[in-house]
Amino acid sequence: MADAMTRLDPSLGTFTTSHLTFLRKCLDTQSYAAALKVIQHDIHSFPPKTAPEGSLLCSTHYLSNGYITIESGLTAKFSLQDVQEYQMLCAMAYIGLRKWNEAKYHCEYIICTPTNNTANGLMLEAYQKWLLLSLLVDGDVKSLPRSASGNAVKTMKAAAKPYEAIVEAFKQSDPAKLMAEFHEAQSLFDEVSPVFCHLPSPG
């Protein structure tokens with residue numbers, strides 16, 4: 001499937017519903033390395049409804065969204081949540097590969113989605129993962145990009161208190177408290193982050 005997508009668009013930079021379908025299959029089968037064939041390429045464009053007037057499939061196109069359109073049938077319609085889900089699956093694949101920095105980047109992409117001062121479930125999940133990934137990558141939690149909605153971030157912070165507690169315990173350099181907070185939230189991790197490894201029992 002990745003080879004077929006590459007033949008259609010060598011850049012793999014125009015988002016299509018095939019991107020999402022492919023990543024779902026990779027995550028369902030825990031084929032994280034196979035996912036790299038697609039996710040290592042940045043999304044640079046979204047397909048328009050129709051091609052520019054006078055443009056043909058055989059024309060020379062500067063970007064692949066010149067011929068990958070909804071009307072062409074090379075992708076189906078998709079929503080903002082579909083794009084967010086794709087970015088989340090990218091993050092999950094990178095987590096499975098222990099590529100923490102790349103996973104963090106994709107979580108930031110979701111967190112910074114333009115919004116009317118609200119946060120949906122995917123944004124909350126991305127924020128929770130972003131907190132843990134920040135500790136792995138930076139040893140601290142730095143400020144989010146300014147493009148993140150302030151009110152949406154407040155909502156996410158309020159709903160991510162177990163994760164915030166882990167961050168605070170980490171900052172206090174208290175291993176016992178940190179492990180206690182991790183085990184307190186273990187059931188939550190199992191629910192939203194199946195590719196994070198289970199923690200060992202205390203002692």
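Modeller: A search of the whole structure finds zero disulfides, a disulfide being a pair of cysteine sulfur atoms within 2.5 Å. Cys90 is in no disulfide, for its nearest cysteine sulfur, in Cys26, is 9.8 Å away. Please keep in mind that this is a predicted model, where local features need pLDDT of at least 70 and side-chain atom pairs count only at pLDDT 80 or more, while totals for chains, interfaces and linings use all residues. Residues are numbered from 1 along each chain as its sequence is written, and side-chain values use heavy atoms, with hydrogens and water left out.

Biologist: What makes Cys107 count as buried?

Modeller: Buried means under 20% relative accessible area, exposed means over 50%, and partly exposed lies in between (1.4 Å probe, protein chains only). Cys107 has 0% relative accessibility, so Cys107 counts as buried. Cys90 is also at 0%, and therefore counts as buried.

Biologist: Why is Arg24 with Glu85 called a salt bridge?

Modeller: The term needs a side-chain nitrogen of Lys or Arg within 4 Å of a carboxyl oxygen of Asp or Glu. The closest N and O atoms of Arg24 and Glu85 are 2.9 Å apart, so the pair qualifies. The two lie 61 residues apart, Arg24 in helix α2 (residues 17-28) and Glu85 in helix α4. Helices here are DSSP runs (H or I, at least four residues; strands are E, at least two), numbered from the N terminus. By the salt-bridge rule, the count comes to five.

Biologist: How do you know that Asp138 and Lys104 tie together separate parts of the sequence?

Modeller: Their closest N and O atoms are 2.6 Å apart, which makes a salt bridge. Asp138 lies in helix α6 and Lys104 in helix α5 (residues 100-111), so the pair joins parts that are 34 residues apart in sequence. At 31%, Asp138 is partly exposed, whereas Lys104, at 11%, counts as buried.

Biologist: And what separates Lys129 and Glu125 within helix α6?

Modeller: About one helical turn, because they are four residues apart. Their salt bridge has its closest N and O atoms 2.8 Å apart, and both residues are buried.
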